[in-house]
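Hi,

Here is the structure I promised to pass on. Have a look at it first, and then read my notes below.

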Amino acid sequence: METSFVLHAIIRLDQVGRMKTPNCLRTRATGERPVYYTDVIRRSTDWTGLCCLLFVGLFVFILCLPFMRSIFGLGDEGMLLHGAERLRRGERLYIDFFEFLPPGGFIIVTAWFSIAGISLWSARLLAILTITGIACFTYLACHQVSKHAPSSALLAIGWAVMSQGAWTQISHHWFTTLFSMMAAWAVLAGVNKPRRWQWQPMFAGVAAGAAAMVTPTRGALTILAAAIGFVGSCRQRGMLIAYALGSALIPILLLVYVIEQGAMAAAFADVIQFAATRYAPIQSVPFGYFTNDQNWPLKYLFPLVALLTLITCASDWRRSLHDRLFRSCIAFALAGFIGCFPRPDMAHIAFATPLACPLLTYCTNRIIASWLPKYRYALTGLAISLCIPSVAAFSFVVYTALKGEFTVIPRGSAVFLNKGTRELMARIAAAPSSDRYFFYPRLAMLPFLTAREHVAKYDIFAPGFTSPSQYKEACMSALLHASWLVIDRNWTDPNFLRVNYPAIRDAEPRETKRFELALRRGFEFVARDGALELRRRVTTVNETVCAGISE
């Protein structure tokens, strides 16, 4: 009698528990993935996962340290660094100087300089911390999908080995990738661990909104991908509302900042109109452009992931159709792939590939789940062996960076890996500190490194990119205010331009020719070191030579 009573009570409790369990949670437990004993009784701390996370962070940080002071180029990195320096001087973004990027990246670097000071060391530390963060969140996202810490760690470290070196620098793309991976991890964590109250939608929204305020196209794709991850959940409406609120937070704050600066109209013209009409049209290149021994596996990552996705769908299309985790991984991989365009060269592919890593781990786990251990080990060995050329190439880049000679500059010390840069820095250091400069055409890094004023509103000049009116305005600034002119002759060579920008229709348009002719008349030749040419202002020539540039 007592036994019967106890059994009856247990059955009643089970029925009450089922009545209180949301239908969507029961469906998920039986439909999306099997429930294991470890899903019910979990250890309080996943020590293996935590140790692998710490290992990934420490390993990637050390991996990037050889490039702490290496200068591989004088162009792209300087856009954010010089822009942040101008903001700290009190200049207004989009009003006092031109930029086609949203304010997010400039605010991040400016805030960092306020904390760590303005130096090459502090700038590279921010870059390395950002890249380390990308690797850590890539690991976390992959671990959410695979529940296998070692393979997730190897994937994150492998990406770092194939992508770092010349691009271990401040870049708006690295900031965007970091925020995108933060959003991806939050979405995947929310899918894996549904609870009554979830922080993931708000966190993912804030991260995705921040990505959009650094690189608009890639950030918008991240916003859409993260939203797809919350569709189909049992609390879809509440999650999407929280996500939408989070996504709007950073854009609203930065919009208020731009309006407060009185730069709304200028920002729209620079970030939206200019980027769409003059930046994007000249960027097109073949997929995987500039592939080398270090990064070649990244070129084939997106095609491989697409193939594995098709195989996964074909093996069990019903499960794939209803699996939110799978849909979320696909959405972020698509966001990464589309975000490579309009310039899908190897640099932009390296920026985007972390977004495809969760889908790679998901599909791989599904496909090899039924394999014998010996075949799994063989696949692991094959993958590692294919990465050996990348490791060798990366080692050579590290050796090149470490053997370089240090040069003392106003922003600390640096290792210049381009011929002629050290000599030019010495010439500039010998000139009076009050002299002002015009750096042309892609030398945005030099105003930051030399701590000398660049007199124009524009940092980057290129045929088809720079408008005739911008050429004229820059010419007037140079002739009126600059004592010296520095020219990188590589970027004025039409053949060099066509190699780097195959989509340029005319590498020598009329406005560019007239602009460079005015510079030759207004500045006399002093010296040339490698491709870098130094010229001094000729006082007998005035700004009237700029008159015909925009006609």
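A term first: on a 1 Å grid over the protein atoms alone, a cavity is a set of points where a 1.4 Å probe fits but cannot get out, and its lining residues have an atom within 4 Å of a point. Grid points are joined across faces, edges and corners, and a volume is the space filled by probe spheres set on the points.

Before the findings, some housekeeping. This is a predicted model, in which local features need pLDDT of at least 70 and side-chain atom pairs count only at pLDDT 80 or more, while totals for chains, interfaces and linings use all residues. Residues are numbered from 1 along each chain as its sequence is written, and side-chain values use heavy atoms, with hydrogens and water left out.

The cavities

Searching the whole structure turns up two cavities of 30 Å³ or more. Helix α26 (residues 510-522) gives the most to it, with three residues.

The largest cavity has a volume of about 60 Å³. Around it you will find Met-79, Phe-98, Glu-99, Phe-100, Asp-459, Ile-460 and Phe-465. Five of the lining residues are nonpolar, none polar and two charged.

The chain as a whole

The protein chain has 26 helices and seven strands (DSSP runs numbered from the N terminus: helices are H or I with at least four residues, strands E with at least two). Its C-alpha atoms fill a box of roughly 115 × 50 × 40 Å along the principal axes. Of the 551 residues, 52% count as buried, meaning under 20% relative accessible area with a 1.4 Å probe, protein chains only.

Around Ala-478

Ala-478 is found in helix α24 (residues 468-481) and is buried, with a relative accessible area of 0%. Leaving out residues up to four places away in sequence, Ala-478 touches Phe-438, Val-455, Leu-519, Phe-523 and Arg-537 (contact means heavy atoms within 4.5 Å).

Strands

Two of those contacts of Ala-478, Phe-523 and Arg-537, stand opposite each other, with Arg-537 in β7. Strand β7 (residues 532-537) is mostly covered, as five of its six residues are buried. Six bridges join strand β6 (residues 523-529) to β7, and the two run antiparallel; strands pair if DSSP finds at least two bridges between them. β6 and β7 form a hairpin with two residues between them, and Gly-530 in the turn has a positive phi of about 65°. Strand β5 (residues 484-488) is also antiparallel to β7, joined by five bridges, and Leu-485 has Arg-535 as its bridge partner in β7.

Elsewhere, an open sheet of three strands has the order β1-β3-β2, with mixed pairing. Its edge strands are β1 (70-71) and β2 (406-409), each pairing on one side only. β2 is joined to strand β3 (residues 412-416) by four bridges, running antiparallel, and Thr-407 has Ala-414 as its bridge partner in β3.

Cheers

Note on methods. 1 Å grid on protein atoms, 1.4 Å probe; cavity = no way out; pocket = protein on both sides within 12 Å on 5 of 7 lines; lining within 4 Å. Nonpolar A, V, L, I, M, F, W, Y, C, P; charged D, E, K, R; others polar. Buried < 20%, exposed > 50% of the residue type's maximum accessible area, 1.4 Å probe, protein only.
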